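Look at the structure first, then read the points.

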Amino acid sequence: MNIVTKELYPILFLTTALFLLIAVSATMGFLSVSVMDVVRIISAKLLQQPLPDIDPVAVTVVTDVRMPRIVAAVLVGGMLGVSGTVFQAILLNPLADSYTLGISTGAAFGASLVIVLQIFGLALPPAVSVPIFAFAGGIGTLLLVLFLASGDRRLSSTNLILAGVIVAAILSAAIGFLKFLADEQVGIIIFWLMGSLSGVSWYNILLLLPFALIGTGLAFFYGRDLNIMATGDRTSVSLGVNTVRLRIFLLVCCTLMTALSVAVAGIIGFIGLIVPHLLRHLTGPDNRRLIPFSFFAGGMLLLVADTITRAVLPAEVPIGVLTALLGGPFFCIIFKKRQQDGNAGF
Amino acid sequence: MVTRDFKTDTSSPLWSLSGIRFSYGKTEVLQDINLKLFPGHCYGILGPNGSGKTTLLDILAGVLKPIAGTATFQGKPLNQWPKKQLARVLGLVPQDFMVRFGFTVREAVEMGLHPHMHRFATPSELDLALIDKALQETGISAMADRPITQLSGGEKQRVALARTLAQNPDVLLLDEATSNLDIHHSLEILRLIRQRYENNDIHVVAVMHDLNLASFFCDELIFIKHGKIVYQGTTDSILTPDVIADVYEVESEVVYNQFTSCRQVSFRLPLEEKKC
């Protein structure tokens, strides 16, 4: 029996749970639609069949308004969860996520920059330019961090984290300066920095989907190598793992996923940090299990958070604020509990 | 394909190093190392702290690339060996074995199978038996399901050895592999490796700290000091007060000990040491 079949049942279970959650989430909102209708609408759309007996407004709301946002929440949450797991595994640091390496901050800087440039009269279509600049900011930051950290040829995790923290600090200050420049229009930047899935379209999904699937697949593919990397560089190399190449490859891979998530949804914190921790607590540290599970857990977590802000709360709270407010205390509880159990595991 | 006849053919060297230099930044650690290591020996690398023992071992293991000179293993330059293929032949037991994220002892030992296994394969019956044997031989079966983060230094070191045994290499590189162990476990581990070596299963290169253990364990010694090989020869011919005085700057007495049936060393600091 190989690892794929062994992990198949939990994955099947998680897939079912995810689809149930999607169906339930699609019923919620200003216009109430029953679960059965949601299933019928989606299957009819997928099979290109007509729907004579359902309110056409409900059909439009479900397919064109709710579904893109729901799918985006799952994909963005999944990518953030997987990236978090992989960042922690390659940097051997339970604190690592896309913030530690400055990637999210870089993406935020890119987006803030273009928003300020637009305030000062740069004529670019905002719907396209913000994601592109965010993406470029994330990638640019990774390149800078890699350049700074590559002083010793081994690309050690300490160097990477240190370089990441320094670059992130500089970029945070730069974002502060941009906010200052934006003056009265600072609200646009702040809203974006706090993250939102409200403007997502099917076009965004087409962009997210291949990256989410390929990125998660690649991370899973290197799961065993990542496990071995938990024993340090020297022993990993002696077991035949090319640590430097794997580290760069997976960093690029996860940076693409993070930058894309930030480009579509703004800054959404805590998913990348708490999902790996929570799962390690539940299923153990094996990355071959952790990586696919992080995708599902991250996706479901962000979907729940987004559904709460979209359909439950009276006014739409920025999603990044909600994930931090829900995730932060939750993280504190896990952290404390693990200390008491005597297996902090770091 | 890897030539495995080096087990019987003891005339061609396992390793051949020439003109090896290595430095961390501007600090030169190894200068002009020329060394041939032949199969069928149990080598010990000795020297004072900071003399470059571990660096030399890492170069032998292919973990570090020398900045100058050539290092070949079984006639093929080390940097041309595919990493995974090299890992099937060469196993390294590090001095400090650390594991993050609460992997259990068994999971860590299972990692030793990595170079032999297809990417998504799970261990076969035979592999599992190999793991059980490695756990048992190193005396850590009882803690197989405990997270490594909770183990003591000596227990971790035994996990590292068990993992390398599961890796089933032809050549074992030990980096002060008994430095954290109590004397009972040190002797037990060294006897275990020595037995495998005497059965012709493995070849051994060990960085050693303790001269008495080295005398018990190794049959050929290499002394390095300030990044240079200063003495090399059989343990009996080279473990002498003169050599020890030159390398470690201590006075010593080396006598054959019937109780341990090997040569044992006693030390003291030179008497006329300047007392200022």
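Arg194(B) is buried, with a relative accessible area of 18%, since buried means under 20% relative accessible area with a 1.4 Å probe and protein chains only. The model is predicted, so local features need pLDDT of at least 70 and side-chain atom pairs pLDDT 80 or more, while totals for chains, interfaces and linings use all residues. Residues are numbered from 1 along each chain, chains are lettered from A and ligands numbered from 1 as written, and side-chain values use heavy atoms, without hydrogens and water.

**Arg194(B) and its helix**
- Arg194(B) lies in helix 6 of chain B; a helix is a DSSP run of H or I with at least four residues.
- Leaving aside neighbours within four places in sequence, Arg194(B) is in contact (heavy atoms within 4.5 Å) with Cys42(B), Phe217(B), Cys218(B) and Asp219(B).
- Other buried residues of helix 6 of chain B include His185(B), Ile189(B) and Tyr197(B).
- The buried residues of this helix pack against elements of chain B including strand 3 (42-46) and helix 7 (211-217); a strand is a DSSP run of E with at least two residues.

**The ends of helix 6 of chain B**
- At the start, a side-chain oxygen of Asp182(B) reaches to within 3.1 Å of the backbone nitrogen of His184(B).
- Just after the helix, Asn200(B) takes a positive phi of about 70 degrees.

Technical notes
Buried means under 20% relative accessible area, exposed over 50%, partly exposed in between (1.4 Å probe, protein chains only). A polar contact is a pair of N or O atoms within 3.5 Å; within protein, one must be able to donate a hydrogen and the other to accept it, and residues adjacent in sequence count only if both atoms are side-chain atoms.
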